[in-house]
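Please read them with the structure open beside you.

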Amino acid sequence: MSAILGSLRRLIKLFEENSIPYMVTGGYALPFYGRVRATVDVDLAVSITGDKGFDHLLASLREASFEPTICSPRNPLIIVVDRKKGTETEIWLRPDGIFFDDETLRRRRKAELGRDLSAWIVSAEDFIVSKLARPDRGAVDEQDVKSVLVRQGAELDTEYLQKRAKQAGVLAVLQAIQAS
Amino acid sequence: MLKYQFLHFFLVISFLKGNKMSLEQKAQILQAAAATTSGVRDLVETLNWKTSNVVSLLREMSNERLIEMQQATPSKPGRPKKYIVPTLLGLELLEAYGKMKILPLRARKEDLERAAKDALYACRLAANGHSTFQIFLELNAIVRNIRVSSQAH
């Protein structure tokens, strides 16, 4: 198993043992819905509430040999370094464009990442919106979205996608990509 | 506000259904009808499309309340002429379509076309029983090896 996947396995175990709702987002979720492209960035979104939840998350991470490098409840993300493997993972407390509510969590899907390793993956619709809502959105993000739209086709819940895209203010961009 | 919500909904549903061509055509009809008083025959001449296509689109657009057929006051004997008039919703759609057309994307058209092709390849891989996530891990490993070997030289 690769170092990155090994780290991911330990993080998922940590979240599940501590009943922290999570989901894989970004480049590691893409191959489930769209094109296949290489990336080293591992993004996870976690749902925690309040300072107590935040402190509990940090303590759990440190206990499992993950060192948070940037950590403030005011920051949308925490970057953690796996002291055992030397890899980095981005843990998002407020992922771009994603309204981390019950519906988002309900729409996650469980996917196999490897032998004896399954994880919650962001829904295809929330994946699209989070890609488009990135403040530093680039051509690659738009290509990722296009690939998901093409591969998922009629499988997408258009009503939900429209609702979330509107909430995130990216409806027009979505329309333009769909039309291209 | 509700009207705009409907408009956005209409645009999204049209796009997501892959109805791009039809949307473009509807926008062209709205543009032509807004520019001058037009009957069906006038539109067919202006747009240079098949009459059956124009009639079918007009029927659809009327159902969607994008246009209204208004009857002209007859000045001479015979069947009174009907004119196509865009509704307020139709005009808003036209405006939104115009804005959308000029919306700047970071990706070029060919980048998005390439992404669509890659997506279809991923579909074929999955259809042939491959796990696209495993292929992704393999690709990552290849890229990593190339980086390591290029750094070693």
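1. A:Ser65 sits in the loop between α3 (50-63) and β3 of chain A; helices (H or I, at least four residues) and strands (E, at least two) are DSSP runs, numbered from the N terminus. Its phi is near 70°, a positive value in a residue other than glycine. Most residues other than glycine have a negative phi, so do have a look at this one.

2. A word on the ground rules. This is a predicted model, in which local features need pLDDT of at least 70 and side-chain atom pairs count only at pLDDT 80 or more, while totals for chains, interfaces and linings use all residues. Residues are numbered from 1 along each chain as its sequence is written, and chains are lettered from A and ligands numbered from 1 in the order in which they are written.

3. A:Asp116 also has a positive phi, near 60°, and is a residue other than glycine. A:Asp116 belongs to the loop between β6 (109-114) and β7 (117-121) of chain A. It counts as exposed because it has 8 C-beta neighbours inside 10 Å.

4. Please check A:Cys71 too, in the loop between β3 (66-70) and β4 (77-82) of chain A. With 18 other C-beta atoms within 10 Å, A:Cys71 is partly exposed. Leaving aside residues up to four places away in sequence, A:Cys71 touches A:Leu58 and A:Ile78 (contact means that the C-beta atoms, placed from the backbone, lie within 7 Å). The C-alpha atoms of A:Cys71 and A:Leu58 are separated by 8.2 Å, and the two residues are 13 apart along the chain.

5. For chain A as a whole, the secondary structure comes to eight helices and seven strands. Of its 180 residues, 45% count as buried. Among contacts between residues at least 6 apart in sequence, 59% join residues at least 24 apart. Helix α8 (residues 171-179) of chain A is mostly covered, with seven of its nine residues buried; among them are A:Leu171, A:Val173, A:Leu174 and A:Ile177.

6. Which residues have the most contacts inside the largest nonpolar core? They are A:Val24, A:Ala29, A:Leu44 and A:Val170, in a core of 57 residues (a nonpolar core is a set of buried Ala, Val, Leu, Ile, Met, Phe, Trp, Tyr and Cys residues joined through C-beta atoms within 7 Å). A:Val24 touches A:Ala29, A:Leu44, A:Ala119, A:Trp120, A:Ile121 and A:Val122, not counting residues up to four places away in sequence. A second, separate core has 14 residues, including B:Leu43, B:Val54, B:Leu66 and B:Leu93.

7. B:Val54, B:Leu57, B:Leu58 and B:Met61 are buried in α4(B). These residues cover an arc of only 105° around the axis, which puts them on the same side of α4(B); the arc is that of the directions from the helix axis to the C-beta atoms. The face turned away from that buried side carries the exposed residues B:Ser52, B:Ser56, B:Arg59 and B:Asn63. Just after α4(B), B:Arg65 takes a positive phi of about 60°.

8. Finally, the two chains together: 32 residues of chain B are in contact with 30 residues of chain A. On chain B, α1 (2-16), α6 (109-127) and α7 (132-152) each supply at least two residues of the side that touches chain A, and the largest share, 10 residues, comes from α6(B). What covers the buried residues of α7(B) includes α2 (30-33) of chain A.

9. On confidence, the predictor gives the complex an ipTM of 0.91 and a pTM of 0.70. Chain B averages a pLDDT of 82, and 80% of the residues score at least 70 (pLDDT is the predictor's confidence in each residue, from 0 to 100). In chain B, confidence is lowest in α1(B), at a mean of 58, and highest in α6(B), at 97.

How values were computed: A residue is buried if 20 or more other C-beta atoms lie within 10 Å of its own, exposed if 12 or fewer, and partly exposed in between; C-beta atoms are placed from the backbone.
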